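Here is a short briefing on one chain. Look at the fold first, then read the points below.

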Amino acid sequence: MAQTVLPGFPINRPRRLRLLPGLRDLVAEARLHPNMFMLPIFVSEHHEKPSPIESLPGHYYYPPNSPELIKSIQQSLELGVKSFILFGRPSHKDDLASRAYASDGPVQSALRNIRSELGYEPVIATDLCICSYHSSGHCGVPGKCRIGYCVDNDSTLKLYQKIAVSQAEAGSDIIAPSGMMDGQVNAIREALDSNGYSDISIMAYSAKFASNFYGPFRDVLESAPKWGDRRSYQADFRNARDALVEVALDIKEGADIVMVKPALAYLDIISLVKKEFPYIPLAAYNVSGEYMMVELMSRSGFADKKALMLEILTSIRRAGADIIITYHALEAARLLVEV
Ligand SMILES: [Zn+2]
């Protein structure tokens, strides 16, 4: 057994370091910590009290002004989960997406509630898109184009600027544009800077793929498009190069954090982005379909839910994510605290 596995690495019995739990922990490369999780929170103008979300078991719609919203954030903070991303479900949709930028919109009201009760202890990111606010269900404003009817890029940017400023006014720490419009980071950065918000960060959904893993989320926010699909603006999952181009553009336009979404079927993309752009924090969104796969597999008795969840989150970390946006944040944090 004197042969070496690799030149310069005379390891011929790799099982030695796997013998004891303590040894395995000692040499673990990829480690999870509750601080790296960002928890999605849904604030809804449809609900007068916290209501369970059927398509995301374990999660709730919170009325923006409710004390329960504050309580749930406090409980998360106690577990070490310190950052949150807010999604709004408005009372109604219209052709202007007006509840997305209204000063009393769901996200803005929730932000004011959180700031008045908890100050700046929690880090609050705000998703910026119009798909749950616009009657079309698209992430951009529909308009005429040479093939008929499309999502119009540049008029959408103006709307995004308005939403960004209203979220900043209400107290957002991180604006997170998710609509995949060209130039969105630049437009939002300009709007923030010219309104005195140069210290508010942008987390860009840079490499957001047109994925089949978003089903439960669309149900949560009733944000499915009314016509067509999102493939004219979200990235094509056949192309890794789309991720590199989008991330490069977003960094150039001023993104502070870039993101790959979804995570599990895109670990190669996470790894590639980390390798090519090591100097910017990288977030990965462990999306609703991934969450439901764990839920359904464990419910059917094929896997231990906790072990499966930790394996998936660790794989996302191992691939290179610095931040994991996940519906498992609290469950995983509880396990990590117990350890
Ligand atoms: Zn959207």
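**Briefing: a helix, its end and the core**

Helix α5 gives way to glycine 171, which has a positive phi, near 115°. The model is predicted.

**Helix α5**
- Helix α5 covers residues 153–170.
- Its 18 residues should span 26 Å at 1.5 Å a residue, and the end C-alpha atoms are 26 Å apart, so the two agree.
- Buried residues in α5 include Thr156, Leu157, Tyr160, Ile163, Ala164 and Gln167.
- Ser166, Ala168 and Ala170 are also among the buried residues of α5.

**Nonpolar core**
- The largest nonpolar core holds 99 residues. Ala164, Ile175, Val260, Ile270, Val273 and Ala284 touch the most other members.
- Helix α5 supplies the largest share of this core, 8 residues.
- Beyond its neighbours within four places in sequence, alanine 284 contacts Met259, Val260, Ala263, Ile270, Ile316, Ala321 and Ile324.
- In soluble globular proteins, nonpolar side chains tend to be buried together.

**Whole chain**
- The chain contains 12 helices and 12 strands.
- Its radius of gyration is 21 Å, close to the 20 Å from the globule rule for 339 residues, so the chain is as compact as a globular protein of that length.
- Along the principal axes, the C-alpha atoms fill a box of roughly 70 × 45 × 40 Å.
- Of the 339 residues, 45% are buried.
- Among contacts with a separation of 6 or more, 72% join residues 24 or more positions apart.

Note on methods. Residues numbered from 1 in each chain as written. Predicted model: local features only at pLDDT ≥ 70, side-chain atom pairs only at ≥ 80, totals over all residues. Core = buried A, V, L, I, M, F, W, Y, C linked by C-beta atoms within 7 Å. Buried ≥ 20, exposed ≤ 12 C-beta atoms within 10 Å, placed from the backbone. Helix = DSSP H or I, 4+ residues; strand = E, 2+ residues; numbered from the N terminus. Contact = placed C-beta atoms within 7 Å. Expected span 1.5 Å × (residues − 1). Rg over C-alpha atoms; globule rule 2.2 N^0.38 Å.
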